[in-house]
Amino acid sequence: MICELLYVDYKAKNILNCLMLWLSNTDGRDCQSVVNDTSPEKRCSLRELVFVEQGPMRAFELTSGGKMTTTHELLSKKTLCSLDKGSIEDLTIRTVHEDGREHVVSEPVWNDRDSIAVLPFDAEAQTVLLVRQMRPAVYWRDQDMILEACAGGIEASDLSVEEACRREAAEELGVVIENLQLAAQVFINPARMVEKANMFLASYKAGSQDLAGRHQDEDEDIEVVEVSLDILAGWHKSGDIRCPRLLILTQALLAKLKETD
């Protein structure tokens with residue numbers, strides 16, 4: 001492989017020194033001659049070399065083709081606000097592109113635990129279970145309440161993501177769910193939230209809700225809504241589903257049923 005040096009900025013001299021040191025420790029030859037000699041019979045054995053310069057944090061990657069690849073670095077993280085349900089962090093990240101262009105972005109992000117969402121479906125009754133509760137953001141914007149998929153944060157006591165689904169179904173819906181199937185794992189709001197949402201389909205028995213036996217959180221007042229699959233499919237077709245979790249799970253359920261037809 002022909003050694004190629006890419007002078008990036010004022011730190012290029014340090015990069016050159018690192019490269020020469022690596023080469024001298026590798027084959028014992030004169031460093032400068034190795035760098036300068038590009039004849040086929042004297043190509044060096046460098047496969048991949050990564051330099052990370054601390055100070056103004058910067059990463060340099062020199063691949064076997066001698067080209068710089070795109071790199072990303074977290075420059076800073078500052079906690080703006082800490083609450084019971086997570087924190088708001090101000091993050092600054094720098095991207096260096098292959099052609100040397102740099103882009104720095106700073107954004108406040110909500111840092112909270114990952115979550116689950118589950119859509120229980122009774123294949124015999126052709127029904128699904130949904131929830132409705134007061135969401136201040138939705139009410140402030142539209143003076144309305146929306147139907148949602150059963151969802152909640154994964155707790156430290158949950159032994160698995162599936163167990164978190166079963167716990168949330170019992171607490172919010174008052175039902176026992178079975179046959180959990182992961183439909184997707186997504187960043188629910190990649191621009192503003194660290195949270196990954198694990199989306200599941202599941203089976204349940206229509207009419208089995210034990211509403212009195214639910215264990216809702218103190219700040220929850222959840223209404224359980226059982227609707228037919230036809231109604232849900234109609235909402236999907238007309239674009240009337242406004243909960244992103246419910247939209248994703250509805251699409252997954254309809255696709256699954258289409259495959260089994």
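Let's start with a strand pair. Strand S3 (residues 71–83) and S4 run antiparallel, joined by eleven bridges. Two strands count as paired if DSSP finds at least two bridges between them. Two residues make the hairpin that links S3 to S4. Within the pair, His72 stands opposite Thr95 in S4. A general point about strands: in a regular one, side chains alternate between the two faces of the sheet.

A word on the source. This is a predicted model, where local features need pLDDT of at least 70, side-chain atom pairs count only at pLDDT 80 or more, and totals for chains, interfaces and linings use all residues. Residues are numbered from 1 along each chain as its sequence is written, and side-chain values use heavy atoms, with hydrogens and water left out.

Now the overall picture. The protein has six helices and twelve strands. Both are DSSP runs numbered from the N terminus: helices are H or I with at least four residues, strands are E with at least two. Of its 261 residues, 36% count as buried. Buried means under 20% relative accessible area, exposed means over 50%, and partly exposed is in between, with a 1.4 Å probe and protein chains only. The protein exposes about 15500 Å², and carbon and sulfur atoms supply 52% of that. Those areas come from the Shrake-Rupley method with a 1.4 Å probe; for residues, only the protein chains shown count as cover.

Which residues sit closest to the centre of the largest pocket? The largest pocket holds about 1300 Å³ of space. Its lining has 36 residues, and Arg135, Glu148, Met193, Glu195 and Arg245 are the closest to the centre. A pocket here is an open set of points on a 1 Å grid over the protein atoms alone, where a 1.4 Å probe fits, with protein on both sides within 12 Å along at least five of seven lines; lining residues have an atom within 4 Å of a point. The volume is the space filled by probe spheres set on the points, with grid points joined across faces, edges and corners.

Helix H3 (136–142) gives the most to this lining, with five residues. The lining of the largest pocket divides into 13 nonpolar, five polar and 18 charged residues. Nonpolar means Ala, Val, Leu, Ile, Met, Phe, Trp, Tyr, Cys and Pro; charged means Asp, Glu, Lys and Arg; the others, Gly among them, are polar.

The second largest pocket has a volume of about 170 Å³. Strand S4 (86–96) and strand S5 (102–111) each give two or more residues to its lining. That lining has eight nonpolar residues, one polar and two charged.

Is Ile188 buried or exposed? Ile188 lies in the loop between strand S10 (178–187) and strand S11 (196–203). Ile188 is buried, because its relative accessible area is 19%. Beyond neighbours within four places in sequence, Ile188 contacts residues including Met193, Glu195 and Arg245. Contact means heavy atoms within 4.5 Å. Ile188 and Arg245 are 57 residues apart in sequence, yet 8.0 Å apart in space, C-alpha to C-alpha.

Last, backbone angles. Most residues other than glycine have a negative phi. Gln143 is not a glycine, and its phi is positive, about 50°. Gln143 sits in the loop between H3 and strand S8 (147–148). With a relative accessible area of 52%, Gln143 is exposed. Asn179 also has a positive phi, near 55°. Asn179 lies in strand S10, and counts as exposed at 59% relative accessibility.
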